[in-house]
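Subject: Structure for you to look through

Hello,

Here is the structure I said I would pass on. Please open it and keep it in view while you read the notes below it.

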Amino acid sequence: MIYAGVDRQRTHLVRGGFMSVPAIGETTIAPPVATGEPVRVSWEGSPWSLAGLGLLNTVLTILTLGIYSFWGRTEARRRIWSMIRMNGEPFVYTGTGLELFLGYIIVFFIITVPTILTFSVVPYVATYLLGPIAGPIVGAIVVVSYMVFIYLLIGTAVYRAMRYRLTRTQWRGIRGAVVGSHWLYGWHYFWTFIANYFTAGWMTPWRSNLLHRQLTNDMRFGETAFKYKGKAGPLYPPFVLVWIGGLIAFVIVIGGMALVSWTRIQESVEAAETGQPPVPAPLQWTEIAGIYGVFAMGGLVVLIFGAHYFARTLNYFTNNTTFAGVTGFKLRASALSLLWMQISNFLLAVLSLGILSPVAQARRLRYVVERLEILGGVDFPAIRQSTVAAGKRGEGLATAFDVDAFS
Amino acid sequence: MSMDTTTFAARWSDGQTAGSYRALVRLGHALEIAPEGVTEPVRWSPHRTMASVPLWPSSAEVLLRSLDHPGQTIYVEDPGFAAALLKVAPHLAAGSKRWRDIRPGLTVTAAVALVTGAVLALDLSPAAYVASLLPKDIRTIAGQQVLQVFTQGQGYCEAPEGNAALQTLTQKLKSASNTDAEFTVAVVNWELVNAFALPGEQIVVTRGLIEKAQSGDEVAGVVAHEMGHGIELHPEAGMVRAIGIAAAAELVFTGSSGTVGTLGTQMLELSYSRSAEREADEHALRILKEARISPKPLAEFFDRLAKEFDEPEDGSDAYELFSTHPPSPERSKLAAEAATYDSEPAMTSADWAALKAVCAGQPTVEDAPPEPSQQPPLPPT
């Protein structure tokens, strides 16, 4: 379907949180006549073709005491980005290993070293300056305040990593951008994290919606803005289901445990009646297997409900992202396929000791690309090159915190 | 589809917008691009051209960008183009590009290896230098912190007569050391045989060592050796080194190893290099000579422990001393040769008996204290 009078652009750009989400954007200047070119995203090649690269990266990383990892990650991204096509033409990752390396070194000196010194030196210095009573108290206050500051930085790290990746992503030579304040995002990230803790997690959908809205509305492809119009409300029904799933899992575990140890319970009741001390029989392997089985079943229930919420959120986020007022595309993530993708990816990365993580990363992106449908057309010549400065350093903060905007 | 062997059909983007043009690319000394509807052809220097998608001779598609024309791209879907392009611009091949990309990384690795090698080869100790800058109060507080971790729930042996005897010995050795160092010596209630020097001129001797020793001279030798470590600031250097190693590990493992939390553990496992041990021994011999105490009993003590180390009576790991103070023939010889002056016992027999009983009445504690709890260096995610 092509909407007349409106041009439309759709691009696949990675975004924050647990995995990539495609988004649509809005032109800043709407041209009067639609010359829409139909848009199709597709995936080219097999994620497994990155297995060799994963092995090479691991070997070189070990040989260089970790220094190569920045170049290895860059090479993996270059290959993965090129597997995503829009109208047949590949996406391009233009970041370099050196940028990632320098970004990390700078963060090492302004964050990691002060952190080590704060933990190891401040208590001594405080005691030295203020004596044995006031010193440790002041030292503890300094350390705790520092921790708060560090937590404040986590959200900014996510945002800045996203900005780095978008400015290093190109299609037909046009690059992405993120134009807002990383401090504002970091602050939202921080206070909602604390508030969510005190509301027993019930702010989770509201929080993800808030963070997603800020990030999406700050995103650009060229000069063209993205707009997100979703609300937290529709995310609550699947979220309530997660809690119900938790209850079901609890009943399964308790009931299952009672079933597995039924004879044991009977024996101890009899022993109590006869007044003899119970003699515990050694644990049978059937009982051990039963207990593991019960916990596995409970865990699976929680995972399925969690995946359902996750899939609904992804679809909702995608379907409510707009471009020039038009919602023209649809994501079809489903709980089971998502669960399988996440579990198999987890096993891939863990069982291969991280060697296959580029494969897992590619599978994660392919999952979204292959389930995305785009309706309508885009006046590509109306999308102008970004004028936002690209910045010189890469996502060091995110690396130091081990948070990732991408995978 | 190729028109001839050097001209190929392509799509060209101008870098201003996301539109694209049909174009012809001719491979010669330059890449000559003739977009449809654009009068002036565009020329790219092959040396300023980059492959945006990894490029092999067999690649079915080629995506290029130019450093001279930011944003411009050429996309060619022609199985013959990659091989033809690589003839003109071999540096675009994925392999050689990758090699160029990782060169800075390899340079950094080589530089780190070189500096590390130089520090080891020239026996430089940056940690010792930093340690020498620390004021006395800081060193004392650091030592007290380590001692606190050390003695968690273990306690000291504090029988008054024994303690007084130890103080007398300490004073004697301290004045013989000819330094301003204010040494304090304490006995901790552990069964293992060991002695430690801690930051801030603090020395700890274990109950196991006191009970294993056969004379006050032996204990005096051990204490003098630990004083040697203290004079040379070896414990302080070890602490600085531990922090440095933690920082380096944090750097190498990109912040994932929780190294800061293991600092305390590392400080407990201070083990000195051979040269540090030799320095401490030299100080010990000097102090003992000045105090007119024979170093022979110390050598004998080491020999005896070495023998028992080979055939432990109880099969235990009680001779922990040897993991940090490896016995060496040179060391025994050094002690034996130095015994060329008149000497008197380090302690009166009454004092020695009192010291021997400093832990009497206290239940023995078999194991070293638990490791200090670990703190995450950065918030978990």
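In chain B, strand β10 (residues 202-206) and β9(B) run antiparallel and are joined by four bridges. Strands here are DSSP runs of E with at least two residues, helices are DSSP runs of H or I with at least four, and both are numbered from the N terminus. Across this pair, B:F196 stands opposite B:V204 in β10(B). The model is predicted: local features need pLDDT of at least 70 and side-chain atom pairs count only at pLDDT 80 or more, while totals for chains, interfaces and linings use all residues. Residues are numbered from 1 along each chain as its sequence is written, and chains are lettered from A and ligands numbered from 1 in the order in which they are written.

Both strands belong to an open sheet of three, with the order β8-β10-β9 (chain B) and mixed pairing. Two strands count as paired if DSSP finds at least two bridges between them. β8 (184-188) and β9 (195-198) of chain B are at the edges with a single partner strand each, so one side of each has no neighbour in the sheet. From one strand to the next, the twist averages 20°; for such angles, axes are lines fitted to C-alpha atoms (for helices over the stretch in contact), and angles run from 0 to 180 degrees between N-to-C directions.

Chain B also has an open sheet of seven strands, ordered β4-β3-β2-β1-β7-β6-β5, with antiparallel pairing. Its edge strands, β4 (42-44) and β5 (49-51) of chain B, each pair on one side only. Strand β3 (residues 31-35) of chain B is joined to β4(B) by three bridges, and B:L31 has B:W44 as its bridge partner.

Now chain A. It has 12 helices and 15 strands. Of its 407 residues, 44% are buried (20 or more other C-beta atoms within 10 Å of the residue's own; exposed is 12 or fewer, partly exposed is in between, and C-beta atoms are placed from the backbone).

Strands β10 (residues 219-221) and β11 (residues 224-228) of chain A pair antiparallel over two bridges, with A:F221 opposite A:T224. They form a hairpin with two residues between them, and A:G222 in the turn has a positive phi of about 65°. β11(A) also runs antiparallel to strand β12 (residues 321-322) of chain A, joined by two bridges; there A:Y228 has A:T321 as its partner.

Buried residues of α6(A) include A:P205, A:H212 and A:L215.

Regards
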